Amino acid sequence: MAKYLQIFLLILVCPSLHAIAGTDVSPNAVVCAPSNDNINAGDLNFFNSASPPAHEIREIAWLVLGICAAIFIVVESVLIWSIIRFRKRARDAGEPVQVFGSNPVELAWTVIPTIIVFVLALATLRTIREVELTEAPEGSLHVDVIAHQWWWEYRLPNLQGDGTIVTANELVVPVGRPIWLTLNSADVIHSYWIPQLNGKTDIIPNHVNHTWFQADRAGIFLGQCAEYCGTQHANMLLRVTAVDDETFNAWCAHQSSEAVSDPTVEKGRDMFLDLACMNCHAINGVSEGSFGPNLTHLMSRTTLGSGVAPLNPTTLRAWVDDPQNMKVGCNMPSLELDPNQLNEIVAYLLTLK
Ligand code: HEC
Ligand SMILES: [Cu+2]
């Protein structure tokens, strides 16, 4: 019963999210060996929360739902009872008895709603305090999130050495550690929302917001930009993978390493530098563009274009050929490469593990 209620609510609350929900898949598979069949892995049901702020939100959702259900049942029962009990019968003649005012009834419908509103207000205040922290919880991992039309940039300190790890769209975090997110926008207003991990937080240009979560368990957690931000708003998906410390450290070490330099695809790399690609994309040690996603470890990701498609040689080729086919209106133009250029560049990108 509870399950059906949840599904009903979800359909009401977030139809687009529901469409991309699927079943759980081992999270480690994502980090170590990208596979493409789990693009929809993860659960978007916020009743199935997996992080302290999300637990709070789930609790208050149940409280509000419970109170509303009780009110509904009481009001509807009295209504139905009155309709049947006081219906017009054959022997009734003329007007029924007219009753004016009743102190007990009026008192009841003033006092009870006041108490209910008061209880809801206190519970809400408590939830806001737990969910919207003003300072990073102790021991947090600090991650900068920069929202772009229509993809996510992540920057986090390299715990395995110096510098910063810069990646896009797919964040990996350690289980059980608070993640303190600093939210910035490169353009318009976006909103960061991973239903199982936290509530929505707006991302506003020239204004820094924060949010946090702490994954209780390993898994893939999906989310979505939750503030309409233009044509491809619906394809601005979030993907956080929570893993054990060891896997996380390995991910950090890998992400902070230089891009693979494979001599067999040198031609493709040169084309990447000769064509406009390098102006928009960074590949550590090769190019420094920052308008588009960092491609240094492109192939360590499982999705393409912020979740618009699974990442594999076929989709990658289609993307580089004409991103406007896969993600209409996105900010990467079609560079109208000839088939040879396309082959060389895609071969190069495929080595960027
Ligand atoms: C004008 C800037 C610009 C140029 C030039 C450009 N890109 Fe992009 N690229 C982008 C943007 C912006 C995105 C993100 C699109 C989105 O997801 O909405 C992107 C996304 C990508 C992605 C997907 C990354 C991911 O993590 O999903 C790949 C791969 C890519 N570009 C490769 C290339 C290659 C190869 C070239 C040169 C042939 C190129 N780009 C030229 C701006 C550019
Ligand atoms: Cu957005």
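The crossing of helices H9 and H11 is right-handed (a crossing is left-handed if the near helix is turned anticlockwise from the far one by less than a right angle, and right-handed if clockwise). This is a predicted model, in which local features need pLDDT of at least 70 and side-chain atom pairs count only at pLDDT 80 or more, while totals for chains, interfaces and linings use all residues. Residues are numbered from 1 along each chain as its sequence is written, and chains are lettered from A and ligands numbered from 1 in the order in which they are written.

**The helix pair**

Select residues 313-321 for H9 and residues 339-350 for H11; their axes come within 10 Å and cross at roughly 130 degrees. That angle makes H9 oblique to H11 (under 35 degrees counts as roughly parallel, over 145 as roughly antiparallel, 65 to 115 as roughly perpendicular and the rest as oblique). Axes are lines fitted to C-alpha atoms, for helices over the stretch in contact, and angles run from 0 to 180 degrees between N-to-C directions. Helices (H or I, at least four residues) and strands (E, at least two) are DSSP runs, numbered from the N terminus.

Next, display the side chains of the contact: Pro 313, Leu 316, Arg 317, Val 320 and Asp 321 on H9, with Leu 342, Ile 345, Val 346, Leu 349 and Leu 350 on H11. Two residues are in contact if their C-beta atoms, placed from the backbone, lie within 7 Å.

**The three-stranded sheet**

Move to the open sheet of 3 strands, ordered E4-E10-E9 with mixed pairing. Strands pair if DSSP finds at least two bridges between them. E4 (170-174) and E9 (219-224) stand at the edges, each with a single partner strand, so one side of each is left without a neighbour in the sheet. From one strand to the next, the twist averages 25 degrees.

Select E10 (residues 237-243), which pairs with E4 in the parallel sense over 5 bridges. Val 173 stands opposite Ala 242 in E10.

**Strand E1 and its partners**

Select E1 (residues 141-148) and E5 (residues 179-185), which pair in the parallel sense over 7 bridges. Here Ile 146 stands opposite Asn 184 in E5. E1 and E2 form a hairpin with 2 residues between them, and the bridge partner of His 148 is Trp 151 in E2.
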